[in-house]
Amino acid sequence: MVKISPSLLSADFSCLKDSIEKIEGAEMLHLDVMDGHFVPNITFGPCVIKGIRNLTDMVFDAHLMISRPWEYVDDFVECGSDIITVHRESFTTIGSMENTLQAIKEAGARAGISINPGTPFEEVTDVLGYADLLLVMTVKPGFGGQSFMEEVVPKIKQASEYIRKNHPKIELSVDGGISPKTAPAVVRAGADILVAGSAIFKGDPAVNMLKLRRASEL
Ligand code: DX5
Ligand code: ZN
């Protein structure tokens with residue numbers, strides 16, 4: 001069964017506790033960390049993650065859309081992130097990405113790799129051996145509520161086929177514009193985890209989660 005990872009970015013920030021209660025039953029919570037440098041938007045960091053950590057047992061997936069993510073590995077582990085996902089585009093060399101993935105694991109978390117819509121899958125094949133999760137972006141990172149980029153679907157399929165064969169323990173997550181309408185193509189292409197922000201938190205999150213689950217059952 002596909003896992004659902006609601007993105008907190010689209011929740012009501014005046015009552016995060018209520019928002020988290022409304023999505024109980026989701027397997028993961030997706031936490032979009034943005035620094036206003038790697039992406040044009042600024043969101044939240046370790047202190048907010050720490051503040052919500054005790055509200056739920058859900059797996060916390062911190063999606064770091066930041067420059068120099070290697071400087072913050074310990075902070076994101078200490079605040080309670082279970083998975084720390086870093087972007088290929090935050091690194092100038094694949095070697096420095098490999099070091100950071102190793103540092104995440106040594107610090108006690110699972111390591112994720114993310115790629116922007118324009119980044120070929122081949123740019124991360126060499127570091128997949130250090131990863132537990134691959135996050136393929138289907139929007140340009142920075143904001144919730146953008147339209148799903150259908151042209152990325154072949155890359156999801158390519159990534160899925162490659163990791164099934166070579167790194168079967170890696171989970172394939174897809175992020176950006178996921179809704180009951182776009183989810184079937186993504187699941188068919190091989191996604192294990194669907195990240196969804198506006199499609200979950202706009203309206204009734206429990207009902208929306210159910211709709212997304214139904215749409216993902218092919
Ligand atoms: C975008 C973020 C996404 C975002 C998804 O940069 O990484 O996780 O919250 O939001 P929706 O589902 O509304 O596209
Ligand atoms: Zn995200």
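Author: Contact means heavy atoms within 4.5 Å. This is a predicted model, in which local features need pLDDT of at least 70, side-chain atom pairs count only at pLDDT 80 or more, and totals for chains, interfaces and linings use all residues. Residues are numbered from 1 along each chain as its sequence is written, and side-chain values use heavy atoms, without hydrogens and water.

Reader: What share of the contacts in the protein chain with a separation of 6 or more comes from residues 24 or more positions apart?

Author: The count takes contacts in the protein chain with a separation of 6 or more. Of these, the share from residues 24 or more positions apart is 63%.

Reader: What percentage of the 218 residues is buried?

Author: A residue is buried under 20% relative accessible area, exposed over 50% and partly exposed in between (1.4 Å probe, protein chains only). Among the 218 residues of the protein chain, the buried part is 55%.

Reader: Which residues of helix H2 are buried, and where do they lie around the axis?

Author: Helices are DSSP runs of H or I with at least four residues, and strands are E runs of at least two, numbered from the N terminus. In H2 (residues 46-53), the buried residues are Ile49, Ile52 and Arg53. Because they cover an arc of only 115 degrees (from the directions of the helix axis to the C-beta atoms), they lie on the same side of H2.

Reader: Which residues are exposed on the other side of H2?

Author: The other side of H2 holds exposed residues. They are Cys47, Lys50 and Gly51.

Reader: Which elements are included in what covers the buried residues of H2?

Author: Both helices and strands contribute to this cover. Included are helix H1 (16-22), strand S2 (28-34), strand S3 (59-65) and helix H3 (73-78).

Technical notes:
Chains lettered and ligands numbered in written order.
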